[in-house]
Structures are given as structure tokens and as C-alpha cells.
Amino acid sequence: GINAEYGSGINAEYGATLSSQAKAKFIRRVKKVYKNDDESHGITFEQFMTFNHFLDHLDDVEILVSVYFAAGMKFNKASLRQVAHVVADVELDPHIIDVVFTIFDDNGDEMLSNREFISVLKERAHRGLEK
């Protein structure tokens, strides 16, 4: 359900250092997308751990994403799946990818920009080091 998507791993891990405004914005997006989704049971621990493993390679992800942009390519859901496979040797579950896009796609264009995705995650990573 609604809280299962946002309340599970992604919020717990990355929402902790976001401003209350940013958290509220992300929660509104997730509620809007998943409000009538009776099929969804949230994010499993295995899905979360796979995504976390992917994020362990965030610097490499950032490099590969910048190559996409430099080549004039769009960074869509298929691109995220491919980058995860190439950089971290993981297969991200389609549901995780959908939730990531729901949270980070600010303009709703089904594409992620560096500002929408990488910069938010890197900010969280750097703040984690400061604690």
C-alpha cells in the first residue's frame, strides 16, 4: 500500500536526512501513484538490499549516468535497470524502479536528471559521513 512503498527502505534510508518539505513532496507523489493499488505490498527486504547494493556504487553510477547525458541520451527506467546491471551486477525489481521514478522524477517526464536523482542520493551519502 501507500505507506509500504514510501515507509519501507527508501524512506527509512534516504528520507532521514531530507528536509521536511522534500519528504512531504515525495510522500505526496507516492500516495498519488499508489493510493488505489491493492496489488502492492510495499518493498521487500531483498528488494531494498538489492537497491542498497546498487547505491554502494553511486560514484560509478554517477559516471555512467553522466555518459548518458553527454551522449544526448535520456535516462529512463530501462536506463536505470541497465546501469544497475553494468555497475553493480544487480537486477533491480521493476517495482523498485517504479518507486524510484515516482519519488525522484520531479517533472513527471518519466526521465531522471542528475539533479533529480544522483544529486539527492549523493547529498544523503555525504550527510551520512558527517554523523
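Exposed here stands for a relative accessible area over 50%, buried for under 20%, and partly exposed for what lies in between, with a 1.4 Å probe and protein chains only. Across from these residues, Ala22, Phe26, Arg29, Val30 and Tyr34 of helix 3 are buried. They share one side of helix 3 because they cover an arc of only 110° around the axis, the arc being that of the directions from the helix axis to the C-beta atoms. An α-helix has 3.6 residues a turn, so residues three or four places apart point the same way. With 15 residues (20-34), helix 3 reaches 21 Å from its first C-alpha to its last, close to the 21 Å expected at 1.5 Å a residue; the expected span is 1.5 Å times one less than the number of residues.

A quick note for reading every view: this is a predicted model in which local features need pLDDT of at least 70 and side-chain atom pairs count only at pLDDT 80 or more, while totals for chains, interfaces and linings use all residues. Residues are numbered from 1 along each chain as its sequence is written, and side-chain values use heavy atoms, with hydrogens and water left out.

**The whole chain is built from eight helices and zero strands.** Helices are DSSP runs of H or I with at least four residues, strands are runs of E with at least two, and both are numbered from the N terminus. Read from that end, the order of elements is α-α-α-α-α-α-α-α. Of the 131 residues in the chain, 40% are buried. Taking contacts between residues at least 6 apart in sequence, 69% join residues at least 24 apart; a contact has heavy atoms within 4.5 Å. The chain exposes about 7400 Å², and 52% of this area comes from carbon and sulfur atoms.

**Helix 4 (residues 45-55) carries the pair Phe51 and Phe54.** These two are three residues apart, about one turn of the helix. Phe51 is buried at 2% relative accessibility, and Phe54 is buried at 0%. Buried in helix 4 are Gln47, Phe48, Phe51, Asn52, Phe54 and Leu55. Their arc of only 155° around the axis puts them on the same side of helix 4. Look to the other side of helix 4 and you will find Phe45 and Glu46 exposed.

**Three aromatic pairs turn up in a search of the whole structure.** In one of them, the rings of Phe51 and Phe54 have centres 5.8 Å apart and planes at 40°, so this pair is tilted. Rings of Phe, Tyr and Trp (its six-membered ring) pair if their centres lie within 6.5 Å; planes under 30 degrees apart count as stacked, over 60 as edge-to-face and the rest as tilted. Tyr68 and Phe75 are both buried. Together with Phe69, Tyr68 and Phe75 form one aromatic cluster.

**Arg81 sits in helix 6 (residues 77-88).** Arg81 is partly exposed, with a relative accessible area of 31%. Beyond its neighbours within four places in sequence, Arg81 touches Leu92, Pro94 and Ile97. Ile97 is 16 residues away along the chain, yet the C-alpha atoms of Arg81 and Ile97 are separated by 7.6 Å.

**Asp89 and Glu110 are non-glycine residues with positive phi, at about 55° for Asp89 and about 65° for Glu110.** Asp89 belongs to the loop between helix 6 and helix 7 (94-104), where Asp89 is exposed at 61% relative accessible area. Glu110 belongs to the loop between helix 7 and helix 8 (118-130), and at 45% Glu110 is partly exposed.

Helix 6 has the highest mean, 95, and helix 1 (residues 2-7) the lowest, 46. Over residues 1-9 the pLDDT is below 50, and beyond near neighbours in sequence this stretch has 27 contacts in the model. Residues 127-131 also stay under 50, with three contacts beyond four places in sequence. Where pLDDT is low, the predicted coordinates should not be read in detail.

Key
Areas by Shrake-Rupley, 256 points an atom, 1.4 Å probe, with all protein chains shown as cover. pLDDT = per-residue confidence, 0-100.
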